[in-house]
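Visitor: I have some time to go through this one with you. Could you put it up on the screen?

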Amino acid sequence: MLRVKGLTKNFGGLKAVGSVDLSIEPGQLVGLIGPNGAGKTTFFNLLTGYLRPSSGKVTFEGKNVTGKKPHYIAGRGMVRSFQQNAIFADFTALENLILAGHIHSGLNCWQAILKTKTCRRREREIYEKAEETLELVGIGDLANAQAGSLAHGHKRMLGIGLALMCEPKLLLLDEPLAGMNIAEVDDTLVLVRRLWEDGLTILLIEHNMRAAMSVCERFLVLNFGRTIAEGTPEEIRSNPEVVKAYLGTAADAA
Amino acid sequence: MNKTKRSRFGIAAVFLVALVLFGVFYSGDYVLHVGVLVMINVVLASSLRLINLSGQLSLAHGGFVTLGAYASAVLLTKVGMSSTWLALLISAVLAAVIAVVIGIPFTRLKGIYFTITGIFFVQVIVLTVQQWRSITGGNGGLQGVPRPDSILGIEFASKTSFFMLAIVLMVVSLVILWAIERSRIGMTFLGIKQADSLAESIGINTTVYKVAAFAIGGFFAGLMGGFYVQYVSAVDPTVFGFLPTIYMLIYVIVGGEDSFLGPMVGAALLTILPEVARPLQSWMPLLFAAILMVIIFLLPEGLVGLPHRLVGVLKKRTKEQPDATS
């Protein structure tokens, strides 16, 4: 589904991401982990068109999407969430999702302006789907609350809802658990698991190792922009490179 | 919600009928002339607001009006086009096309940088019409632009006839702008304004929408430019130069940028003000600036927020009074 080959990004002399390879098959739930500054988010930005790679190639469902615009990549079904609270703050929660739904409504601008019959029918469908999605991410009761006034955890869930409204084939989640309390972490993990079981392919960036270990079936570990390990949770846990990256060497510890 | 929608529609209809009746029964040339100017400025301010909706503060508007005005003037006096209506349409379309051409590079810039390019655009247009004497008549401008051809047996000679034409153009423009705003396109503009990289992530081609907003605004600016020149039958380079462009923005902010009605209220009041306060003519820019400052500090939602504020104050008063007496 997703093939990444030799993806590299240099910021001046700094190699933020250095020739990373990754391939994801449909139905997988892959974790991307690594210490702070390992290049995880940069890697996401390269995949989704927010940054132009210095070299390397990204292929999604057989199509070369390297260096394409974010909206094009999202339209092809590779949809991301953001680490910061990326929501439309002045809209209500429901309006946020409706906006995301409209893009894939297949309506042209004349139908939208003149509010034709097809348009109204599609808008009703989008409205219903937005309500369902709000329920799915657990904030169904906050549909008419202004998004900017939601609690942190709810904003994060709304962010995931936005991505889900785009009918993703591959969902890229950028640290969905950041800043959440324990209960919210559990809810989010249940949601991720459920989305995956429903057939969605997911690439998950996570800082919280334990949480990531509990859901992902395969991992890619980055440090200083390079792949230092790849494999199942067991393999990762026992990999000395990974342990060193996370805990530092004996000398550092002393 | 449906009820408020209907009552709003009702108020608009009543207002429109009153405007038409006023035009029919009132025959003071001067007042009708001011009325036409008000309606032109209402459309200019409302179309500028549409661009602002997409998160782009444009100061290019006067450039599009000038472009539209000169397009009509040149076509009708130099090229010898026979249909004034076709010239009017070309004024609008040309402004929209130029908006697309400059919009593609300009909308890549964000915030204040985009705004600055607008000022630059207005100056380029003004300088062009000043220097290109063989076509535009230089600083003297162009005179003797013919009035609109008669249509459906209506001759455009009296102030009343122009007043009616202005009503038609204004209503058509406002209905289109309103339809765009309440559709998903308007919603997308607002989304882009709030978070444009997030909008990209959910599949919105933000460049296309930003350029579209710019072009739609440009279209109506060009249309009004064409209408203006056919109305006063002359144009010079600075009628819609930099200062008038700033005024258009002031109409929007003073009236209230967040509501559709805001720019209309702002444009109407601030077009009438200089006429009422004739002796202060040379102080007008200062007065406008002062009004703008007062509004920004005391009434950031604009004049349309005033009734709501007053109701709030009155409610508070009536609530407090029993306490005070007891």
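Visitor: At what angle do α8(B) and α10(B) cross, and how close do the axes come?
Guide: The axes of α8 (184–194) and α10 (206–232) of chain B come within 10 Å and cross at roughly 110 degrees. That makes α8(B) roughly perpendicular to α10(B). Here angles of 65 to 115 degrees count as roughly perpendicular, under 35 as roughly parallel, over 145 as roughly antiparallel, and the rest as oblique. Axes are lines fitted to C-alpha atoms, for helices over the stretch in contact, with angles from 0 to 180 degrees between N-to-C directions.

Visitor: Where do the numbering and the coordinates come from?
Guide: The model is predicted: local features need pLDDT of at least 70 and side-chain atom pairs count only at pLDDT 80 or more, while totals for chains, interfaces and linings use all residues. Residues are numbered from 1 along each chain as its sequence is written, and chains are lettered from A and ligands numbered from 1 in the order in which they are written.

Visitor: And what counts as a helix or a strand?
Guide: Both are DSSP runs numbered from the N terminus: H or I over at least four residues for helices, E over at least two for strands.

Visitor: Back to α8(B) and α10(B): which residues meet?
Guide: Thr188(B), Phe189(B) and Ile192(B) of α8(B) meet Thr206(B), Tyr209(B), Lys210(B) and Ala213(B) of α10(B). Contact is defined by C-beta atoms, placed from the backbone, that lie within 7 Å. By class, the residues of this contact are 4 nonpolar, 2 polar and 1 charged. Ala, Val, Leu, Ile, Met, Phe, Trp, Tyr, Cys and Pro count as nonpolar, Asp, Glu, Lys and Arg as charged, and the others, Gly among them, as polar.

Visitor: Is that crossing left-handed or right-handed?
Guide: The crossing of α8(B) and α10(B) is left-handed. Left-handed is the term if the near helix is turned anticlockwise from the far one by less than a right angle, and right-handed if clockwise.

Visitor: Switching to chain A. How do α3(A) and α6(A) cross?
Guide: Their axes come within 8 Å and cross at roughly 25 degrees, so α3(A) and α6(A) are roughly parallel to each other. The crossing of α3(A) past α6(A) is right-handed.

Visitor: Which residues are involved there?
Guide: On α3(A), Ala93(A), Asn96(A), Leu97(A), Ala100(A) and Gly101(A); on α6(A), Leu158(A), Gly161(A), Leu162(A) and Met165(A). These divide into 6 nonpolar, 3 polar and no charged.

Visitor: Which pairs run parallel or antiparallel?
Guide: β6(A) and β7(A) run parallel with 3 bridges, and Met78(A) has Leu170(A) as its bridge partner. β3(A) and β9(A) are also joined in parallel, by 4 bridges, with Gly31(A) opposite Phe219(A). β9(A) and β10(A) are antiparallel over 5 bridges.

Visitor: What sits in the turn between β9(A) and β10(A)?
Guide: That hairpin has 2 residues between the strands, and Phe224(A) in the turn has a positive phi of about 50 degrees. Asn223(A) stands opposite Arg226(A).

Visitor: Last one: what is the domain assignment of chain A?
Guide: Domain 1 is 27–52 + 63–87 + 171–253 and domain 2 is 88–149; the bounds come from an automatic or database domain assignment. Their C-alpha centres lie 28 Å apart.

Methods. Pairing = 2+ DSSP bridges. Contact = placed C-beta atoms within 7 Å.
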